[in-house]
Amino acid sequence: MRGRRIVAVAVACGAVLAGLVAARAGLADRPVPSAAPVTPPPPSPTTAPPPPTTSPPPPRITYPARGAGTWLFAAGGGPVAGRSGQLMRYRVAVERGIGGIEPDAFAAEVTRTLADPRSWTGDGRWRLQRVGYGSPYDLTVYLTTPGTRDDLCPGDDGYTSCRNGERVVLNVARWAHGVPRYGAPLEQYRQYLVNHEVGHRLGRGHEKCPGPGRPAPVMQQQTLGLHGCVAYGWPLRDGRQYRGPAGSYDDPVPEGP
């Protein structure tokens, strides 16, 4: 009897011991939460966007009332603009004494205007090509001081520009300042100025405003007044010649630079 009790106690103790071992084994398989707080990773550094870049303003154009009457010609030439029509070759020159614009920079603006499809080469009637000094040419585009403008043009107003023979004379005062109440940026006035005076060399005369609120024809004397039209600097609209009635207005020439 006593032997049976000992055996029973031993079996019970073994069962308890086996349960404890199994329990510990199960606990070992479970994740144990860490007591230390989890620190999130630092945010990745961000690069601040670069400050916006702005182009420096163009240098201010300066000039005396009358220059030296001698010229600096733009170097080189360029491709032919226009698909068909009579070829006209032109040179570009800046009068000595004019500061803030180099001959090549002025020539680039003139060439960009005349090569535009809205200009004289856009409808197949004309081809234009810039050439360098010493090459055969049909016209010369001059940027002149007001006093030299009076030497090269009929009249002596010192204000307007002109075409006289093969000379296309652009007054630097108008190139630098435009005209008051033009109602469009200076760049557009310059496009008008080049196209208008070159238009005279191509045989076109003056025209009038075709109606209030309509674009001014490029051969209208927009420097002196718009007469109800809106400033417009190109010979073509929608690929076609844009014209107004032939004639001119008796507008006074403004006084001033």
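Visitor: How do helix α2 and helix α5 pack, and at what angle?
Guide: Good place to start! This is a predicted model, and in it helix α2 (residues 103–114) packs with helix α5 (residues 186–201) at an angle of about 70 degrees. Their axes are 10 Å apart.
Visitor: What does that make α2 relative to α5, roughly parallel or roughly perpendicular?
Guide: Roughly perpendicular, because angles from 65 to 115 degrees count that way.
Visitor: Which residues meet there?
Guide: From α2 you have E109, V110, T113 and L114. On the α5 side they meet R190, Q191, V194, N195 and V198.
Visitor: And how many of those are nonpolar, polar or charged?
Guide: The contact of α2 with α5 has four nonpolar residues, three polar ones and two charged ones.
Visitor: New topic: where does H177 lie?
Guide: H177 is in helix α4, which covers residues 172–177.
Visitor: What does H177 touch?
Guide: Leaving out residues up to four places away in sequence, H177 touches Y63 and L186. With Y63 there is a polar contact between the two side chains, at 3.2 Å.
Visitor: How far is the C-alpha atom of H177 from that of I61?
Guide: Those two C-alpha atoms are separated by 9.3 Å, while the residues are 116 apart along the chain.
Visitor: How many aromatic pairs are there?
Guide: Seven. One of them is W71 with Y142, a tilted pair with 4.6 Å centre to centre and 55 degrees between the planes. W71 sits in strand β1 (residues 71–73) and Y142 in strand β4 (residues 139–144), so this pair ties together parts 71 residues apart in sequence.
Visitor: Last one: where does pLDDT stay under 50?
Guide: Over residues 1–36, and the model gives that stretch zero contacts beyond four places in sequence. For the chain, the mean pLDDT is 85, with 78% of residues at 70 or more.

Terms used
Residues numbered from 1 in each chain as written. Predicted model: local features only at pLDDT ≥ 70, side-chain atom pairs only at ≥ 80, totals over all residues. Heavy atoms only, no water. pLDDT = per-residue confidence, 0-100. Contact = heavy atoms within 4.5 Å. Axes fitted to C-alpha atoms, helices over the stretch in contact; angles between N-to-C directions. Helix = DSSP H or I, 4+ residues; strand = E, 2+ residues; numbered from the N terminus. Parallel < 35°, antiparallel > 145°, perpendicular 65-115°, else oblique. Nonpolar A, V, L, I, M, F, W, Y, C, P; charged D, E, K, R; others polar. Polar contact = N/O pair within 3.5 Å; in protein donor to acceptor, adjacent residues only side chain to side chain. Phe/Tyr/Trp six-rings, centres within 6.5 Å; stacked < 30°, edge-to-face > 60°.
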